[in-house]
Amino acid sequence: MALHVPKAPGFAQMMKDGARHFSGLEEAVYRNIGACKEFAKTVRTAYGPNGMNKMVINHIEKLFVTSDAGTIIRELDVEHPAAKLMVLAAEMMEQEVGDGTNFVIIFCGALLEGAEELLRMGLTPSEISEGFELALDKAVEILPSLVVDKVEDIRNESQVMKALRTSVMSKQYGQEDLISGFIGKACISVLPEGGSFNVDNVRVCKILGSSLANSSVVQGMVFKRQVEGDVTKKSKAKIAVFTCAIDIMQTETKGTVLIKNADELKNFSRGEESMLESQIKAIADAGADVVVGGAKFGDMALHYLNKYGIMGVRLTSKWDVRRLCKAVNATALPRMTAPTKEEMGYADVVCVDELGDTNVVVFRLEGKESRVSTIVVRGATDNYMDDVERAIDDGVNTFKGISKDGRLVAGAAATEIELARQLTSFGDTRPGLEQYAVKKFAVALEGFAKILAENTGIRANELVSKLYAAHEEGQKTAGFDINAETASVCDAVANNILDLYLTKMWGLKYATNAACTILKVDQIIMAKKAGGPRPPKQGGADNDDD
């Protein structure tokens, strides 16, 4: 009979072997805060135009070189449960606004850093989170008074570019005017009358070679493919889109054909050919100039496409087929039948173009408005083009934010310093212990100016004191002058450094909510991981007696 070993009394005896349990301030709260501070420290050096890049290699060994916090947290498989809450807050920010993920993580980390000091002073987590929520309400109340500009006409390219510049600048400093020009042009061309803007309607096609200055915006779609037949250009083209293969149709049921002589064999294969020809002739008679297939093109089908002067394009991705249907206003047909007028799409030009040594098929719509537009990005390396694509993605999301709410606040840490100044004054008026948490909230906000200064190589304390002095004199839009060699202040509005009001508002909300949730955790209970024994460690000899 096996000897029964009693478990230690307390929480452990309720759980299975292998479960872990941490409780109290030292074990749970400080441990969580420590993990979140380390995580925030990782991305804070990537904040701002002079932020450093991170080299991230994900679980499938794909390399990313970027300063975009959204990409960094997506590719890092964060294990710690408290740090995961910060990641979730940043992901929500990405979904809501499309930018400002770094803002959320840094601010949440700074709030928890302040909370740790208050906990060691003797305040309880509930008092601190109450103070943070009070400060958040006051900050959201102050924020509308700091609005300095508004995009009135969303179809005006110069007004839109003003709002897009700062978002792009944080990823591609020095190229912001060029890239925001592309984004503005592409977004305005696909903006529907009275409808909501869909970010999926602006595509990016990356083609290796040349430089970013040679990039362009195409009204329509661009695919890195070669055409299937001999026809390489069609103007004012009617387009038939099929999701099936352009080939002899396979029968649904298996059958056996008994052929007795050579004539029957000839007639059998001729019958298949004539059936395929009649199908393609019917497509040509319907007026189709271009056939797009979602699967392979057969040799015999290509022969008949060339015979009737039809251009063949193969798209392997069903998403590309859907987007093309949207761009040219076509209906994808599941079988190779003659399309009706309503089912065919239209493009002004469908042609093969050569960019560098890459062949592309372009579906171009010459009109002012198209349903989909593509930004063709050129660059020297794939990593560089990936980073440009991320900057474009942030810019397109900023445009979506402008279409919801066009209000803009001053950038260059001007808004954060003004909020910190007013919240410090507000904290002095509070009678209870929450005044300490309100002041720590203000200290966390002024941290953004320090991070911008540190990443640029300038003394942070000197800059913060100069910013506070300017704001006390009533210069509410005074921000950090990133081009100066010493700690100096500039007017953010005059220098066109503007942030989206929505980014600041949602960033403050998500970061504070995440910090308060982490503070209110006093126990961590981790069940035993599912699965069998762990695989042996690589590199050493495997001991048999383990």
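I looked up the largest pocket and found 29 lining residues, of which Val 202, Arg 203, Val 204, Cys 205 and Glu 389 lie nearest its centre. A pocket here, on a 1 Å grid over the protein atoms alone, is an open set of points where a 1.4 Å probe fits, with protein on both sides within 12 Å along at least five of seven lines; lining residues have an atom within 4 Å of a point.

The model is predicted: local features need pLDDT of at least 70, side-chain atom pairs count only at pLDDT 80 or more, and totals for chains, interfaces and linings use all residues. Residues are numbered from 1 along each chain as its sequence is written, and side-chain values use heavy atoms, with hydrogens and water left out.

I then checked which elements form the lining. At least two residues each come from helix H2 (69-75), strand S5 (202-208), strand S6 (216-223), helix H10 (318-328) and helix H11 (382-404). H11 gives the largest share, seven residues. Helices (H or I, at least four residues) and strands (E, at least two) are DSSP runs, numbered from the N terminus. I noted 15 helices and 18 strands in the protein chain.

I next looked up Phe 268, which is found in helix H8 (residues 262-285). Phe 268 counts as partly exposed because its relative accessibility is 41%; buried means under 20% relative accessible area, exposed over 50%, and partly exposed in between (1.4 Å probe, protein chains only). Of the 546 residues in the protein chain, 48% are buried.

Finally, I examined contacts (heavy atoms within 4.5 Å). Of those between residues at least 6 apart in sequence, 75% join residues at least 24 apart.
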